[in-house]
Amino acid sequence: MLNVKTFKRPQVFKRIFGAAFSGALATLAFAPYSFWPAMLVSLVLLFLLIHKQSPKRAALIGFSWGLGQFSTGIGWVYVVIEQFGGLPTAVGLILIGLLVTYLALFPALFGYLLKRIQLPLAQSYLLLAPSLWLLIDWFRGWFLTGFPWLWPGYSQIDSPLAAFAPMFGVQGITLAVVVIAASITLTLLSRKATMLLPALVVAVVAVVSGQMQWVQETGKTVDVAMVQGNVPQELKWLPSQRWPTLLSYQDMTRQNWDADIVIWPEAAIPALERDLPDFLARLDAAARNNDSAIIAGVLDQNPQGQFYNNVITLGDNGTEGYHYPASESYSKHHLLVFGEFVPFADILRPLAPLFNLPMSSFSRGDYTQPNIDAKGYQLAPAICYEIAFSDQVRHSLTPDSDFILTLSNDTWFGTSIGPHQHLEIAQMRALENGKPVLRATNTGLTAAIDYKGQIIEQIPQFETVVLRTDIATTNGQTPYTRFGDWPLYLWIVLSGIALLLMRRAQQSTTVGESQK
């Protein structure tokens with residue numbers, strides 16, 4: 001337990017507020033601000049603040065850092081609670097406060113373990129800290145279905161450290177960021193220039209790695225049209241809006257039949273697939289007549305009563321024609337807690353509309369599913385939140401995959417920074433795997449991303465418009481696509497072995513000196 005006297009000391013308050021400020025500073029490193037040095041500064045400040053602190057105080061400082069980061073970085077989740085939750089403002093604020101508090105426990109755990117495991121300063125910061133950060137981040141990305149948002153690596157999509165993504169993934173960048181921040185911290189504390197060497201080595205390796213070509217362009221480009229329907233969420237599922245919505249999408253598609261692939265966003269079709277077989281059959285025939293393919297998001301219910309969030313392809317998709325259910329389809333696997341499934345539903349659903357949002361009782365598709373075919377091209381789908389799970393996306397890719405496809409509906413988050421962060425995550429998936437990403441959304445941000453993670457074309461939010469672009473395909477696989485996070489697991493194991501050996505050597509030296 002923390003002693004009450006602890007909180008009366010002015011320096012402790014200064015550290016707590018300083019940690020909250022430095023955590024908030026980290027948000028500036030992510031989209032839409034994209035000032036990537038802010039993450040390094042934030043972590044350096046965190047390391048300085050927990051220096052020479054007890055494990056409990058380090059946990060408190062880490063917790064305050066987490067409150068600063070997550071309250072500013074994911075506070076946009078409140079938009080959903082406010083507009084669609086049906087709860088009083090006070091209750092909504094309590095709920096978002098609980099989410100931020102929960103996420104802040106992870107940097108608190110980092111601070112506690114870093115100081116609880118007694119090691120010399122350099123070993124603690126350069127070997128233990130990076131491994132701890134990775135392990136805790138991975139746990140956050142898995143526990144309770146996972147929330148891998150705001151991993152530090154994402155903030156470096158425009159920095160030289162982005163070169164590590166094709167080799168080690170986003171968490172390889174996180175490792176580099178933590179090592180650099182630790183090296184700078186040690187330099188400031190010891191005032192020895194030699195402590196800056198690890199940071200310089202990482203920077204040089206990043207620059208050299210940036211010159212390496214892991215995949216090659218095929219020389220082929222695909223003409224893609226992504227339809228941004230801009231349908232307000234509060235109108236989307238009204239029966240009176242079903243046909244106006246479908247006709248709007250159909251009209252915008254008709255003007256782009258000369259595209260190779262036309263893409264509609266997540267759940268663009270405001271009805272179950274089983275309810276519209278005739279409409280889909282006509283759409284399929286029109287696409288075939290124009291030598292094109294259509295990809296669309298649609299919900300469905302199987303004979304057992306289970307709902308699925310699906311992607312289907314129509315037209316030129318390697319089949320002989322549409323018959324319900326679509327033979328070329330993908331079912332979402334990674335469901336969003338409360339948005340797409342409600343744990344303890346019998347207890348929670350009666351409490352508030354927040355736990356009874358439309359379509360919040362989905363079933364999961366398989367973790368790995370075949371790519372879908374569109375005009376002879378192979379696309380690996382990831383619906384909405386799934387794009388944040390790097391390992392799942394990696395497992396969906398095959399040597400024949402041409403694109404990563406992500407359909408989303410960020411209408412829930414309004415004009416907040418959430419959709420910008422979501423797009424940044426999609427950019428990272430392209431860079432990691434050396435595959436272009438096609439991102440079609442209902443209200444934005446709809447974008448085409450090249451295999452280097454750079455946005456080729458993007459259309460504004462909240463406009464009813466079609467993004468039309470040519471995008472190049474690639475051959476080959478990146479090291480990350482092949483091996484995933486295994487090199488990082490190896491780093492953690494080797495770091496642990498090195499720490500054990502160094503600790504034994506120090507103990508042997510101490511025993512030898514005491515015997516003299």
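Modeller: Let us begin with contacts. In this predicted model, Gln233 touches Phe84, Asn409, Thr411 and Trp412, when residues up to four places away in sequence are not counted.

Colleague: Which side chain does a polar contact join to that of Gln233?

Modeller: A polar contact is a pair of N or O atoms within 3.5 Å. Here the side chain of Gln233 is joined in this way to that of Asn409, at 2.8 Å.

Colleague: Is Gln233 buried or exposed, and in which helix does Gln233 lie?

Modeller: Buried means under 20% relative accessible area. Gln233 has a value of 8%, and is therefore buried. Gln233 belongs to helix 10, residues 233–236.

Colleague: Let us turn to helix faces. Which residues of helix 12 are buried?

Modeller: Helix 12 spans residues 277–289. Its buried residues are Phe279, Leu280, Leu283, Asp284 and Ala287. These residues lie on the same side of helix 12, because the arc they cover around the axis is only 135°.

Colleague: What do the buried residues of helix 12 pack against?

Modeller: Their partners are helix 11 (242–254), strand 3 (269–272), strand 4 (293–301) and strand 5 (307–315).

Colleague: Which exposed residues does the face turned away from the buried side carry?

Modeller: On that face of helix 12 are Asp278, Arg282 and Asn289.

Colleague: How does the length of helix 12 compare with the span expected at 1.5 Å a residue?

Modeller: From first C-alpha to last, the 13 residues of helix 12 reach 18 Å, close to the expected 18 Å. Just after helix 12, Asp291 adopts a positive phi of about 55°.

Conventions. Residues numbered from 1 in each chain as written. Predicted model: local features only at pLDDT ≥ 70, side-chain atom pairs only at ≥ 80, totals over all residues. Heavy atoms only, no water. Helix = DSSP H or I, 4+ residues; strand = E, 2+ residues; numbered from the N terminus. Expected span 1.5 Å × (residues − 1). Buried < 20%, exposed > 50% of the residue type's maximum accessible area, 1.4 Å probe, protein only. Arc of directions from axis to C-beta. Contact = heavy atoms within 4.5 Å. Polar contact = N/O pair within 3.5 Å; in protein donor to acceptor, adjacent residues only side chain to side chain.
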